Amino acid sequence: MSYKRADDILPENILEILQMYVSGEAIYVPKKKECRKRWGSSTGVNEKLRSRNEQILEQHRMGTSTKELALQYYLTEKSIQRILREMQMKPPMEQCGFELEGRKLNRETKSKTFEKGYYKNHACDESFVCKVCGRQVIPDGAGSRHRNHCPNCLTSLHVDVEPGDRASDCGGYMEAVAVWVRKNGEWAIIHRCRQCGEMSSNRIAADDNPMKLMSIAMKPLTSSPFPIERIEEMTRLMGGAGSIS
């Protein structure tokens, strides 16, 4: 911070007004608000910390414990827990996968960001990039006003306690582990959180990856808990070619 004499840079009338408040003393004149820089922006420290915290959150969502993260990043477990809380306390829009930084908030955007349970009664119709497979996801083609998961890898985020309330503090990845058929014949996906183990059922979207859905549906048949030959034997016996003793 440089030191400058007031009588060298200020007009005489301004100097006289200033001397009415302070005379013969050093004063600090702050920058205008629009000219101020955020802490760490000049050295890049702020960006490095943000990147580190995102990595911590990502690893925690993948199942790494706070104790393991503390050892890896040379922090205390309490520091890791604080970072996770701060990273997970993002506005609902950011949890859906899109950024608000640098964007002016209009009335609708403010409602989405701050109104509790906004998505319970309003469509989640914004585009986002899947945080697992990296695919750009658009609202068109889902066949629903509320897209719950990525149509490519079928992964969701654990951000709800009740559908659309964005009240969960977990934030883990919800992996598609099974499918089932409802009474009306509609398919639904069973999601399980990698982080906390919470499970939920969500209807499939019209543009969901059919190969991914079928691979999940066929998984029990490809990973039989008993030899496939036993099924052949039982079929033969029940067909009248023998008896089960």
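Tutor: A contact here means heavy atoms within 4.5 Å, and in this predicted model residues 24 or more positions apart account for 39% of the contacts in the protein chain with a separation of 6 or more.

Student: OK, and how many helices and strands does the chain have?

Tutor: The secondary structure of the protein chain comes to 10 helices and 6 strands.

Student: Which residues form a nonpolar patch on the surface?

Tutor: Ile-14, Ile-17, Met-20 and Tyr-21 form such a patch, and together they have about 490 Å² of accessible area.

Student: Where is Ile-17 found, and why does Ile-17 count as partly exposed?

Tutor: Ile-17 sits in helix α2, which covers residues 12–19, and it counts as partly exposed because its relative accessibility is 45%, a value to be read against limits of 20% and 50%.

Student: Switching to Arg-147: buried or exposed?

Tutor: Arg-147 lies in the loop between β2 (136–137) and β3 (156–157), and it counts as buried because its relative accessibility is 11%, where buried means under 20%.

Student: So what does the side chain of Arg-147 reach?

Tutor: The side chain of Arg-147 reaches the backbone oxygen of Ile-138 at 3.0 Å, and a polar contact of 3.0 Å joins it to the side chain of Asp-207.

Student: And how far apart are Arg-147 and Val-137?

Tutor: Arg-147 and Val-137 are 10 residues apart in sequence, and their C-alpha atoms are 9.6 Å apart in space.

Key:
Residues are numbered from 1 along each chain as its sequence is written. This is a predicted model: local features need pLDDT of at least 70, side-chain atom pairs count only at pLDDT 80 or more; totals for chains, interfaces and linings use all residues. Side-chain values use heavy atoms; hydrogens and water are left out. Patches are made of residues with over 30% relative accessible area and no salt bridge: like charges are joined within 9 Å, nonpolar side chains (Val, Leu, Ile, Met, Phe, Trp, Tyr) within 5 Å. Accessible areas come from the Shrake-Rupley method with a 1.4 Å probe; for residues, only the protein chains shown count as cover. A salt bridge is a side-chain nitrogen of Lys or Arg within 4 Å of a carboxyl oxygen of Asp or Glu. Helices (H or I, at least four residues) and strands (E, at least two) are DSSP runs, numbered from the N terminus. Buried means under 20% relative accessible area, exposed over 50%, partly exposed in between (1.4 Å probe, protein chains only). A polar contact is a pair of N or O atoms within 3.5 Å; within protein, one must be able to donate a hydrogen and the other to accept it, and residues adjacent in sequence count only if both atoms are side-chain atoms.
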